[in-house]
Amino acid sequence: LGGGTFMGLCRLLTSADSYEAAIDMATRGDNTSVDKLVRDIYGGDYEKYCLSGELVASCFGKLSSMPNPRSCCREDDLALAVLRMVTLSIALLAVSLAKLHRCTDSVFFMGGFLRYNPIAHRCIAEFCKVQAVSAKFLKHSDFLGAIGALRAALSHESETKQQQAAAEAATSRRSRPFSLGPLLR
């Protein structure tokens, strides 16, 4: 999930032909014409479960009940709905994993999708606040995934060499001739 998913869906649903154009469309959009909110279902906040009426209940949910969905919404609205869906999916996954591993003091978000994307920053920060988690955004983090992969590969290579050396040492000990001489004296 990230920029590729966002861009792929925007290319499918809108006329955006670049990431910048899709982000620009999203800044002019209104996802509430596309997404079904809690208030659309319950008429406002759902107080029994402390759900704000502004909370998205179903991404693209309003389109399911429209007779002609394409004629009822603007491209800008679709672009924002896609952006929010991808962003909230990222936030949900990250926060769920952080809670699973009891690492909720700070959850770090990075990557090219978040660069120059204030809407995504805002969505993630709001989601994390509701979940009582501190969201941190790293600047200039586009290549951290690649650096982490390189570090893991180098570490794996080092471990493999150590295992090979240990196996060779064990083999050389086993290949020595066995003698009962010292025991029989």
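**Figure 1. Contacts and fold of the predicted protein chain.** Of the contacts (heavy atoms within 4.5 Å) in the protein chain between residues at least 6 apart in sequence, 64% join residues at least 24 apart. The model is predicted, so local features need pLDDT of at least 70 and side-chain atom pairs count only at pLDDT 80 or more, while totals for chains, interfaces and linings use all residues. Residues are numbered from 1 along each chain as its sequence is written, and side-chain values use heavy atoms, with hydrogens and water left out. The chain has eight helices and four strands, in the order α-α-β-α-β-α-α-β-α-β-α-α. Helices (H or I, at least four residues) and strands (E, at least two) are DSSP runs, numbered from the N terminus.

**Figure 2. Packing of helix 1 against helix 2.** Helix 1 (residues 3-13) and helix 2 (residues 19-27) have axes 10 Å apart and an angle of about 75 degrees between them. Axes are lines fitted to C-alpha atoms, for helices over the stretch in contact, with angles running from 0 to 180 degrees between N-to-C directions. Helix 1 is therefore roughly perpendicular to helix 2 (65 to 115 degrees). From helix 1, G3, F6, M7 and C10 meet Y19, A22 and I23 of helix 2. This contact has six nonpolar residues, one polar residue and no charged residues. Here Ala, Val, Leu, Ile, Met, Phe, Trp, Tyr, Cys and Pro count as nonpolar, Asp, Glu, Lys and Arg as charged, and the others, Gly among them, as polar.

**Figure 3. The largest nonpolar core, with L83 among its members.** A nonpolar core is a set of buried Ala, Val, Leu, Ile, Met, Phe, Trp, Tyr and Cys residues joined through side-chain atoms within 4.5 Å. In this core of 36 residues, F6, V34, F60, L63, L83, F109 and F113 touch the most other members. Helix 1, helix 2, helix 5, strand 3 and helix 6 (118-130) each give two or more residues, and the largest share, twelve residues, comes from helix 5. Beyond its neighbours within four places in sequence, L83 contacts F6, I23, A26, F113, N117 and I119.

**Figure 4. Positive phi at F60 and R102.** Most residues other than glycine have a negative phi. F60, in the loop between strand 2 (56-58) and helix 4 (69-72), has phi near 65 degrees. R102, in the loop between helix 5 (75-100) and strand 3 (107-109), has phi of about 55 degrees. F60 is buried at 18% relative accessibility, whereas R102 is exposed at 77%. Buried means under 20% relative accessible area, exposed over 50% and partly exposed in between (1.4 Å probe, protein chains only).

Notes:
Parallel < 35°, antiparallel > 145°, perpendicular 65-115°, else oblique.
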